[in-house]
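Thanks for making the time.

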Amino acid sequence: MMITKKKTPFFVIDKEILDDNIKKLKTALNEAWPNYIIGYSYKTNSLLWIIDHLKNAGCYAEVVSDDEYQLAKSIGHDNIVYNGIAKSKETFLKAVRDHNIVNIDSTYEIDWLDELKGEDCEVGIRVNFDLESKCPGQTQCGTDGERFGFCYENGDLKKAMDAINSKGVRITGIHLHKSSKTRMPCIYSAIAETAIEIAQKYELKLKYVDIGGGFFGGLETKPQFNEYFDMIAEILRQQFDPASTALIVEPGMALIGSAIDYVTTVTDIKATTRNTFVVTDGSRIHIDPLMTKTSYFYDIIHKTDAARQHMLRQVICGFTCMEHDRLFEIADSEELAAGDRIIYHKVGAYTMCLSPLFIKMFPDIYVKDKDTMRIVREKWSFSDYKRNCYGEE
Ligand SMILES: Cc1ncc(COP(=O)(O)O)c(C=O)c1O
């Protein structure tokens with residue numbers, strides 16, 4: 001098998017799985033709300049091959065900083081959804097002038113609109129609404145509340161909209177992304193209902209409602225795309241018509257999460273009086289950089305067919321010198337041995353883009369397309385590491 005021959009550790013993108021995710025997403029959206037835009041969330045994984053592939057598949061680039069905006073432009077992408085609190089004035093004004101979808105999220109962006117006086121411009125605005133009261137226990141920050149967008153309930157949203165209108169700029173979209181703990185459909189019923197309430201209350205004529213990302217994808221046991229979008233469309237149709245209002249979605253995890261594996265090799269076995277540690281050439285810093293995961297999807301491939309002892313407990317560890325670089329435990333199973341491979345599945349989202357350069361350089365990345373495997377990012381070299389760095393004279 002190709003995967004057992006390459007030097008580990010490496011990531012491998014399964015093109016077939018990625019394309020299947022894209023196809024399923026498009027089919028579900030097409031059936032529910034044919035006037036849709038998919039803005040692929042760059043922050044989730046902005047590897048060049050991935051952003052190129054999604055551009056070619058017809059997805060917009062959903063970017064949240066001037067650097068991400070420039071990255072999209074650098075690959076010739078002109079279909080951009082520009083969100084976030086890390087825009088620069090220059091890229092913000094250019095995006096508005098270019099008629100990109102720009103969702104205002106900070107008060108200083110409203111000030112920047114002064115530069116556009118007399119020009120025919122429109123923008124969207126990010127709404128901050130109290131999801132915790134509608135879906136208790138499901139939001140990321142619980143009762144501390146979320147910080148993005150302008151608060152609907154305390155009147156700041158209305159004030160921001162009035163300020164934008166007073167500058168002669170039209171508000172033609174609202175952005176309501178929420179990052180939840182549960183990714184459950186009820187998050188999206190709250191988002192859709194809030195979109196209607198806001199559009200009615202402030203008599204908005206909206207060209208788009210952007211419900212953000214945060215969906216599951218590529219997991220049979222979790223909600224499927226049509227469950228989300230059929231329900232969202234049913235609610236939105238009470239106020240909006242697909243003929244005049246587009247539905248924007250910003251998936252990251254749902255497209256790329258399940259399409260990437262991480263392949264590692266067992267390098268050593270260390271027994272102590274307390275434990276048996278299986279050391280590998282992979283690390284938690286590559287697939288759980290925020291150190292929050294409690295389990296993984298994985299497969300183990302033994303190097304040889306030789307008989308193996310039964311072990312009560314083995315702790316799989318990474319290559320770093322941090323004690324907590326421990327990935328998972330196996331109980332009541334055959335012993336692992338040097339040369340065995342451990343392949344982690346569904347590790348494409350918020351992994352390689354958040355990994356630090358700790359102890360080792362970034363690993364190789366391949367794309368698997370049926371029977372071929374092609375490298376799309378080589379392991380970083382020292383010249384990559386030292387580029388734009390200056391030592392002592
Ligand atoms: C504004 C915005 N859109 C889209 C996403 C993508 O979310 P996910 O990868 O969960 O689909 C995020 C993630 O934080 C986000 O902040």
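Start with Cys135. Its sulfur sits 4.4 Å from the closest cysteine sulfur, the one in Cys186, and that is too far for a bond. For a disulfide the two sulfurs would have to be within 2.5 Å. Keep in mind that this is a predicted model. Cys135 is also buried, at 4% relative accessible area.

Does that hold elsewhere, or what does a search of the whole structure find for disulfides? The count is zero. Take Cys353, which is in no disulfide either: the nearest cysteine sulfur belongs to Cys59 and is 17 Å away. Cys353 counts as partly exposed, with 31% relative accessibility.

Now the ligand. Which residues come nearest to the ligand? There are 16 residues around the ligand, and the nearest are Arg183, Gly214, Glu250, Met253 and Tyr350. By type, that shell divides into five charged, eight polar and three nonpolar residues.

For Gly214, a polar backbone atom is 2.8 Å from an oxygen atom of the ligand. For Met253, a backbone N or O atom is likewise 2.8 Å from a ligand oxygen. His177 uses its side chain: an N or O atom there is 3.4 Å from an oxygen atom of the ligand. As for cover, the ligand taken alone exposes 400 Å², and the protein buries 88% of that.

Terms used
Residues are numbered from 1 along each chain as its sequence is written. This is a predicted model: local features need pLDDT of at least 70, side-chain atom pairs count only at pLDDT 80 or more; totals for chains, interfaces and linings use all residues. Side-chain values use heavy atoms; hydrogens and water are left out. A residue is near a molecule or strand if one of its heavy atoms lies within 4 Å of it. A polar contact is a pair of N or O atoms within 3.5 Å; within protein, one must be able to donate a hydrogen and the other to accept it, and residues adjacent in sequence count only if both atoms are side-chain atoms. Accessible areas come from the Shrake-Rupley method with a 1.4 Å probe; for residues, only the protein chains shown count as cover. Ala, Val, Leu, Ile, Met, Phe, Trp, Tyr, Cys and Pro count as nonpolar, Asp, Glu, Lys and Arg as charged, and the others, Gly among them, as polar. Buried means under 20% relative accessible area, exposed over 50%, partly exposed in between (1.4 Å probe, protein chains only).
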